[in-house]
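Trainee: I have the sequence and the model open. Can we go through them together, one question at a time?

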Amino acid sequence: MSDRTARTTVLAARTRERTLSVTTLAAEFHAPSLTDFFPPAVLFEGTPFELDRLMLIRLLMSAVLIGLMVLAFRSPKIVPRGLQNVAEIGLVFVKEQICDEVLGKESGRKFFPLIATIFFTVLFLNFSGVIPGLNISSNARIGMPLVLAVIAYATFNWVGIRKYGFFTYMRSSIVVPNVPPLLHVLLIPIEFVSTFILRPFTLTVRLMANMLAGHVMLVLFFSATWYFLFDATAWMKVFSPFSLLAGLGFTLFELLVVFLQAYVFALLTAVYISLAQHAADH
């Protein structure tokens with residue numbers, strides 16, 4: 001048997017073994033994969049400034065955010081209207097529901113610019129995941145969530161070190177008072193990992209994983225709808241309304257996730273800053 005014949009036989013066998021799913025029935029369907037999150041370069045390929053589709057979406061949404069804020073406050077009115085009113089509602093929400101609520105009015109005012117920047121950056125970068133033509137959040141790739149987590153990590157540690165000094169801050173953060181001395185052998189490593197390793201890790205992974213999963217689910221539902229409508233046999237077209245409704249429903253759910261992830265990231269940043277400010281008050 002020739003190599004060509006052997007390869008043909010193996011491929012035929014594998015084809016028979018496949019389950020009849022959307023991913024194998026659709027002749028033109030391409031399942032969501034890592035290539036969605038690591039597309040080929042669009043500009044400046046092979047240079048340190050290489051830009052792919054996700055980076056261009058990130059730059060676009062950042063420009064939209066900056067542009068909207070500039071337009072909203074270029075000539076502010078005492079009684080806000082239109083875009084200024086919408087922007088102020090968002091800023092007041094961050095100030096009152098996150099900064100003042102967690103940090104108090106004095107500290108909240110001090111850290112409001114940072115926390116508001118984090119909130120709106122995450123919100124706008126997430127929102128591209130449900131915009132037709134963009135269809136993906138650049139937060140679904142680890143780079144931007146990691147940058148934001150590092151900023152939050154550096155900030156709360158700077159706050160604690162500035163207030164207490166390095167050694168006092170470290171001791172206050174990892175040593176649990178009023179416990180038997182032998183328990184410190186167990187508790188100190190746990191507190192260290194929890195405070196200085198898991199916090200930035202969970203900030204990064206929570207945001208990235210939620211947006212990645214949302215993208216995969218939306219692609220799956222709407223690709224299935226396209227397949228059922230245009231590529232499937234006649235009797236399978238009855239499934240297209242169900243996959244379309246599921247896609248539309250999950251889009252509404254994804255809008256909630258877009259907001260919740262921005263809120264949670266900003267809220268946890270404020271919580272970590274507050275914990276660093278009161279590290280000695282265990």
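**Reading the fold**

Mentor: Start with the surface. The protein chain exposes about 16800 Å², and carbon and sulfur atoms supply 70% of that area. Keep in mind that this is a predicted model.

Trainee: What share of the 282 residues of the protein chain counts as buried?

Mentor: The cut-off for buried is under 20% relative accessible area. Across the 282 residues of the protein chain, the share that counts as buried is 35%.

Trainee: How many helices and strands does the protein chain have, and in what pattern?

Mentor: The secondary structure comes to 8 helices and 2 strands. Along the sequence, the pattern reads α-α-β-β-α-α-α-α-α-α.

Trainee: Among contacts between residues at least 6 apart in sequence, what percentage joins residues at least 24 apart?

Mentor: Take the contacts in the protein chain between residues at least 6 apart in sequence. The part that joins residues at least 24 apart is 66%.

Trainee: α4 has 46 residues, yet its end C-alpha atoms are only 21 Å apart. Where does α4 bend, and by how much?

Mentor: A straight helix would reach 68 Å at 1.5 Å a residue, and α4 falls short of that. The bend in α4 is at glycine 104, and its angle is about 125°.

Trainee: Arginine 141 is in the loop between α4 (82-127) and α5 (143-164). Is arginine 141 buried or exposed?

Mentor: Arginine 141 has 12% relative accessibility. The cut-off is under 20%. Therefore arginine 141 counts as buried.

Trainee: Which side chain makes a polar contact with the side chain of arginine 141?

Mentor: Beyond four places in sequence, arginine 141 touches Phe37, Phe38, Pro39, Asp52, Leu54, Met55, Arg58 and Met208. A polar contact of 2.8 Å joins its side chain to that of aspartate 52.

Trainee: Serine 138 is also placed in the loop between α4 and α5. What is the relative accessibility of serine 138, and how far is its C-alpha atom from that of methionine 61?

Mentor: Serine 138 counts as buried, at 0% relative accessibility. Not counting residues up to four places away in sequence, serine 138 touches Leu54, Arg58, Leu125 and Ser128. Methionine 61 is 77 residues from serine 138 along the chain, and their C-alpha atoms are separated by 9.4 Å.

Trainee: Alanine 72 lies in helix α3 (residues 53-73). How far apart in space are alanine 72 and leucine 83, C-alpha to C-alpha?

Mentor: Alanine 72 counts as buried, at 5% relative accessibility. Outside four places in sequence, alanine 72 touches Leu83, Gln84 and Ala87. Alanine 72 and leucine 83 are 11 residues apart in sequence, and their C-alpha separation is 5.2 Å.

Trainee: Leucine 275 lies in helix α8. Which residue is 8.1 Å from leucine 275, C-alpha to C-alpha, and 119 residues apart in sequence?

Mentor: Leucine 275 counts as partly exposed, at 41% relative accessibility. The residue 119 places apart in sequence and 8.1 Å apart in space is phenylalanine 156.

Trainee: Asparagine 178 lies in the loop between α6 and α7. What is its phi?

Mentor: Most residues other than glycine have a negative phi. Asparagine 178 is exposed, with a relative accessible area of 81%. Although asparagine 178 is not a glycine, its phi is positive, at about 60°.

Conventions. Residues numbered from 1 in each chain as written. Predicted model: local features only at pLDDT ≥ 70, side-chain atom pairs only at ≥ 80, totals over all residues. Heavy atoms only, no water. Helix = DSSP H or I, 4+ residues; strand = E, 2+ residues; numbered from the N terminus. Buried < 20%, exposed > 50% of the residue type's maximum accessible area, 1.4 Å probe, protein only. Polar contact = N/O pair within 3.5 Å; in protein donor to acceptor, adjacent residues only side chain to side chain. Contact = heavy atoms within 4.5 Å. Expected span 1.5 Å × (residues − 1). Bend = angle between axes of the 7 residues up to and from the residue. Areas by Shrake-Rupley, 256 points an atom, 1.4 Å probe, with all protein chains shown as cover.
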